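Subject: Handover of a structure and a summary of its findings

Dear colleague,

Please find the structure below.

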Amino acid sequence: MNKVNVSEIQGPLAELMSQIGGQNGRARFDEFKLWLKGVVLSALEVLIDLSAPCKLPFDGAERVSPTKSGVVKLERRGDDLYLNDKKIELFRSSGQQGDRYIVGHELRKELEAKGGQISASILDKCVENPALWPESWKNDDQDNTIYVFFWDHIFRHSNGDLFVRYGYWVGGEVVSNCRWLGRDWGSRHPSASLAS
């Protein structure tokens, strides 16, 4: 979605309003523009308190990752998502390129060394506000669903297995799920990561 400055369309809109509604119509339209501006901003920019726990992926899940703190701003700009003005990219390890796969435990080690992992709290906000989810995160160039992983939170099952949460787009909404680290990660399983 491209942002358009209201001043660019004010002249044509003023002429239209004078033709169809007179002065009262113009006042009502100005009120509507203010309301609409607030709706668009709330849908495309949110503040997130990282000290508030993210949702657990299943009953009995135990958080393994240390809790972060602070308030961050999540914002969609065009087809990109920014966290505190840093672009969130979809990272794929060299082991995920082409037809190659990497085991989740190995990918976790690589991501920890790289840094820039994104909190599952960001995924929670995207579930609440699907307008935040970028188009480029929905499907790959062959129209396959992309599953975006949020590695800053790892969860332990009661049997000791580790899991990470991910989100994907289906039916006009963002769906959250989790994946066992013992599985393989391919090119359709990128990691949300801050640009370096």
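Which residues have the most contacts inside the largest nonpolar core? They are Leu74, Ile88, Ile122, Trp133 and Phe150, in a core of 28 residues. A nonpolar core here is a set of buried Ala, Val, Leu, Ile, Met, Phe, Trp, Tyr and Cys residues joined through side-chain atoms within 4.5 Å. Buried stands for under 20% relative accessible area, exposed for over 50%, and partly exposed for the range in between (1.4 Å probe, protein chains only).

Before the details, some conventions. This is a predicted model, in which local features need pLDDT of at least 70 and side-chain atom pairs count only at pLDDT 80 or more, while totals for chains, interfaces and linings use all residues. Residues are numbered from 1 along each chain as its sequence is written, and side-chain values use heavy atoms, with hydrogens and water left out.

Confidence and overall content

The pLDDT (the predictor's confidence in each residue, from 0 to 100) averages 85 over the chain, and 78% of the residues score at least 70. Residues 4-8 have a pLDDT below 50, and beyond near neighbours in sequence this stretch has two contacts in the model. Residues 39-43 are also below 50, with three contacts beyond near neighbours in sequence. Where pLDDT is low, the predicted coordinates should not be read in detail. A contact means heavy atoms within 4.5 Å.

The chain contains four helices and eleven strands; these are DSSP runs numbered from the N terminus (helices: H or I, at least four residues; strands: E, at least two). Of its 196 residues, 36% are buried. Among contacts between residues at least 6 apart in sequence, 62% join residues at least 24 apart.

The cores and helix H4

Helix H4 gives the most, with four residues. Leucine 74 touches, among others, Val46, Ile48, Leu83, Ile88 and Ile122, not counting residues up to four places away in sequence.

In H4 the buried residues are Ala120, Ser121, Ile122, Leu123, Asp124 and Cys126. The buried residues of H4 pack against E1, E3, E4, E7, E8 and E9.

A second, separate core has 14 residues, including Leu107, Phe149, Val164 and Trp185.

Strand E8 is mostly covered, as eight of its nine residues are buried. Strands E7 and E8 run antiparallel and are joined by six bridges; two strands pair if DSSP finds at least two bridges between them. Arginine 156 stands opposite leucine 162 in E8. The hairpin of E7 and E8 has five residues between the strands, and glycine 160 there takes a positive phi near 100°.

Eight bridges join E8 to E9, and these two strands run antiparallel. Valine 164 stands opposite arginine 179 in E9. In the hairpin of E8 and E9, with two residues between the strands, glycine 171 takes a positive phi near 60°.

Cysteines

The structure holds zero disulfides (pairs of cysteine sulfur atoms within 2.5 Å). Cysteine 54 is buried, with a relative accessible area of 5%, and cysteine 178 is buried at 18%.

Yours sincerely
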